Amino acid sequence: MADRPESAAGQGSNKPSLSLHVPEPHYRPGDAVDFNHVDAGEPGRDPRPDETCDPADMRDLAYGLVRVLGDDDRAHGPWDPKLDADTLRTMLKNMAITRAFDERMFRGQRQGKTSFYMKCTGEEATSISAAMALASDDMVFPSYRQQGILLSRGYPMIEMINQIYSNRGDKLKGRQLPIMYSSREHSFFTISGNLATQTPQAVGWAMASAIKGDSRIAATWVGEGSTAEGDFHAACTFAAVYNAPVILNVVNNQWAISSFSGFAGAERTTFAARGLGYGVAALRVDGNDALACYAAERWAANRARANAGPTLIEFFTYRAEGHSTSDDPSGYRSAQEREEWPLGDPVMRLKRHLIALGEWDEERQEAMDREAAEMVRATTKEAEANGILGHGLHHPFRTMFEDVFEELPWHLREQAEQAIKEREIKFPEGLPK
Ligand SMILES: Cc1ncc(C[n+]2csc(CCOP(=O)(O)OP(=O)(O)O)c2C)c(N)n1
Ligand SMILES: [Mg+2]
């Protein structure tokens, strides 16, 4: 205590001096990892209340863990969504395509074809299985790790790659960071780099849908770290007050770049429990269990459609890879975490479930993975014909200022003129190749 500054009360005071708690992750690089502190519970254990349940009557579900798939690869308990084999195979395929896409785009960044990429490895169920439980025209407000939703909704992969390469085919004309897609046709709201802004937007959209007497609901995805943003709390308040038909999905992958979830409050309570304080129904779900993710999202969608209110779902999962291509997790966390993580891999668990049902086998899995990789490879080649990021501007410079306002406001007109003048001064001989 010698290095502590003297308290305001001065030396000799017998009042206890105040101190703060600074969270520290369980493991750092090189540490041996055991996840004994994670209480995964038994699959099939948690009850499934009626969708119109009062949030106060389902409090325990904010502290439990809804799980369906057991170690025996069978579905257990009341949350089993009882999906047919075709739907399960489609889900598995969407996951395989997403994983193959992530692999290829990550490599593309390393090869200098784009500046940035973010994988969702290990978290595929939280977006793909969840989104499959929604109607295809329900409006989604994703963060940057839900590429699986677009791929599941049939958005053309080439459009995604064009956007990542900011090339001639990029519908967003190179004005967004790579991976920040947007598709009105697929009810996929433009991704924003400003964390958590999508949460009040989703609630507002859901409120507007209800005001118009529409039947479409909204769902948003936000990382656990981002729930520390004020926007998330404004979203919860509005959702609760107006009983908005919205689902707030919190993807707790336990890391926010190099900050572990403790900095967003994970040491104190669960992320699902945040909902209870607002009077919002809350579920805590095994995010690596595709069936549980589907079942929870469907429960919340049914609730919203019945005008029974919003739901906050915490998907408990693990970010298996780095935050992005700009990150190196070996600098701040133990490499053993990924291997020791007790809830496994969502793709492998779903695969084994289908095999246990007699509806799948290793040969078909291998063929599907090969096909997915080949499809991504061919589409990448096709997109590369439109150019790659490193090869200069693919859209005229002035387009940077267009398409947001119907008429360019005066301050942007001034900015545009200034920017063009600066470029003329910098490159009097014309732009470099
Ligand atoms: C308002 C704001 N603050 C900080 C950042 C920088 N930033 C980008 S991603 C990120 C981590 C977010 O972690 P989390 O919400 O857990 O999502 P995850 O990346 O784990 O999916 C941070 C701090 C930002 N983009 N916006
Ligand atoms: Mg996170």
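This is a predicted model: local features need pLDDT of at least 70, side-chain atom pairs count only at pLDDT 80 or more; totals for chains, interfaces and linings use all residues.
Analyst: Two strands pair if DSSP finds at least two bridges between them.

User: Why are strands S1 and S2 said to pair?

Analyst: Strand S1 (residues 139-141) and strand S2 share three bridges in the parallel sense. At least two are needed, so S1 and S2 pair. Within S2, Ala 219 is the bridge partner of Val 140.

User: Where does Ala 219 find its bridge partner in S3?

Analyst: At Ile 247. S2 (residues 218-223) runs parallel to S3 over six bridges. The rule asks for at least two, so S2 and S3 pair as well. Another bridge links Trp 221 to Asn 249 of S3.

User: What makes the crossover from S2 to S3 right-handed?

Analyst: The chain leaves S2, passes through helix H6 (residues 230-241) and reaches S3. With the strands pointing away from the viewer, a right-handed path over the helix runs clockwise. This β-α-β crossover is classed as right-handed, so its path is clockwise in that view.

User: Which residue of S7 is the bridge partner of Asn 249?

Analyst: Ile 313. Six bridges join S3 to S7 (residues 311-316), and the two strands are parallel.

User: Why is S3 called largely enclosed?

Analyst: Seven of the seven residues of S3 (residues 246-252) are buried, so the rest of the structure largely encloses this strand. Buried means 20 or more other C-beta atoms within 10 Å of the residue's own. Both directions are covered: Val 246, Leu 248, Val 250 and Asn 252 point one way, Ile 247, Asn 249 and Val 251 the other, and all are buried.

User: How do you know that both faces of S2 and of S7 are covered?

Analyst: In S2, six of six residues are buried. Ala 218, Thr 220 and Val 222 make up one side, with Ala 219, Trp 221 and Gly 223 on the other. S7 also has six of six buried. Its sides hold Thr 311, Ile 313 and Phe 315, and Leu 312, Glu 314 and Phe 316.

User: How many bridges join S6 to S7?

Analyst: Six, and S6 (residues 281-286) runs parallel to S7. Ala 281 has Thr 311 as its bridge partner in S7. S6, H8 and S7 form a right-handed β-α-β unit.

User: What are the members with the most contacts inside the largest nonpolar core?

Analyst: Val 246, Val 285 and Ala 296, in a core of 96 residues. Helix H8 (residues 290-305) gives the largest share, eleven residues. Val 285 touches Ala 292, Cys 293 and Ala 296, among others. Its contacts also include Leu 65, Val 66, Ile 313 and Phe 315. For Val 285, residues up to four places away in sequence are not counted.

User: How many residues surround ligand 1, and which are closest?

Analyst: 15 surround ligand 1, the closest being Leu 195, Gly 223, Gly 225, Ser 226 and Ala 256. By class, the shell has seven polar, five nonpolar and three charged residues.

Conventions
Residues are numbered from 1 along each chain as its sequence is written. Chains are lettered from A and ligands numbered from 1 in the order in which they are written. A nonpolar core is a set of buried Ala, Val, Leu, Ile, Met, Phe, Trp, Tyr and Cys residues joined through C-beta atoms within 7 Å. A residue is buried if 20 or more other C-beta atoms lie within 10 Å of its own, exposed if 12 or fewer, and partly exposed in between; C-beta atoms are placed from the backbone. Helices (H or I, at least four residues) and strands (E, at least two) are DSSP runs, numbered from the N terminus. Two residues are in contact if their C-beta atoms, placed from the backbone, lie within 7 Å. A residue is near a molecule or strand if its C-beta atom, placed from the backbone, lies within 6 Å of it. Ala, Val, Leu, Ile, Met, Phe, Trp, Tyr, Cys and Pro count as nonpolar, Asp, Glu, Lys and Arg as charged, and the others, Gly among them, as polar.
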